[in-house]
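Have a look at the structure first, then read on.

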Amino acid sequence: MALKSPEKPVEILLEEYQDYVMAFRLRGAIGGKVAPQHLFVSLGEYARLRLERQDLARKLVRKEIPLAGLRQIDVLTEKTQFGFWRNSSEVADFLRAAIRQGGHPTLNSSSAFNTLLSAFEVERLGEKLPLVSLHYQACFGLAAPSVHPLSMEAAYARVEAIALPLFVDEVCK
């Protein structure tokens, strides 16, 4: 049996896991109702869950499983924080919930956001450290369409303009 090559380059998949790690850390730092509902997963477990989610989604589209399979996709989406940073409705829901419970410095302060990073990550990033909070705080701007729909294009342009290097310890080990 031949192995199927990944649909996305490995760097993109590692960036996706890095986004998961940062979402997990952010949710954990804020706590309350936005705290992660599942345990943190390793890169290998994340990959397994991601493939399982992708397989279920394909089967659902092909009508190979009942519509009830959507619930399992939702569980896997939550476990992997899939789309957390780039889905405008997810970002808006998260920000509304975080603000309702009093907000948090990581939501609007670069230095506070950077406390989510390990010392090794800060060192690894070096002069690129400011890109991290700039990128993820630009992702918060994706919530703007719920307030002003025409701002979505500008928000995505800000997010896409920042090319983050791979930096989280879980990827660089």
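Directly after α1, Gly31 adopts a positive phi of about 70°. Helices here are DSSP runs of H or I with at least four residues, numbered from the N terminus. This is a predicted model, in which local features need pLDDT of at least 70 and side-chain atom pairs count only at pLDDT 80 or more, while totals for chains, interfaces and linings use all residues. Residues are numbered from 1 along each chain as its sequence is written, and side-chain values use heavy atoms, with hydrogens and water left out.

With its 21 residues, α1 spans 30 Å from first C-alpha to last, close to the 30 Å expected at 1.5 Å a residue (the expected span is 1.5 Å times one less than the number of residues). How do α1 and α7 lie relative to each other? Their packing angle is about 75° and their axes are 13 Å apart (axes are lines fitted to C-alpha atoms, for helices over the stretch in contact, and angles run from 0 to 180 degrees between N-to-C directions). The two are therefore roughly perpendicular, a label for angles of 65 to 115 degrees. Gln18, Asp19, Met22 and Leu26 of α1 meet Val132, Tyr136 and Phe140 of α7, where contact means heavy atoms within 4.5 Å.

## Helices α2 and α3

Next come α2 (residues 43-61) and α3 (residues 69-80), which pack at about 150° with axes 9 Å apart. That makes α2 roughly antiparallel to α3, the term for angles over 145 degrees. Residues of α2 including Tyr46, Leu49 and Arg50 meet residues of α3, among them Leu70, Gln72 and Ile73.

Now zoom in on Arg50, which belongs to α2. Is Arg50 buried or exposed? Arg50 is buried, with a relative accessible area of 11% (buried means under 20%, exposed over 50%, partly exposed in between, with a 1.4 Å probe and protein chains only). Leaving aside residues up to four places away in sequence, Arg50 touches Lys8, Glu16, Thr80 and Phe82.

## Helix α4

Helix α4 (residues 88-100) has 13 residues and reaches 18 Å between its end C-alpha atoms, close to the 18 Å expected. Its buried residues are Ser88, Val91, Ala92, Phe94, Leu95, Ala97 and Ala98. Which helices do the buried residues of α4 pack against? They pack against α1 (10-30), α7 (129-140) and α8 (152-160). Following α4 is Gly102, with a positive phi near 110°.

Key. Angles under 35 degrees count as roughly parallel, over 145 as roughly antiparallel, 65 to 115 as roughly perpendicular and the rest as oblique.
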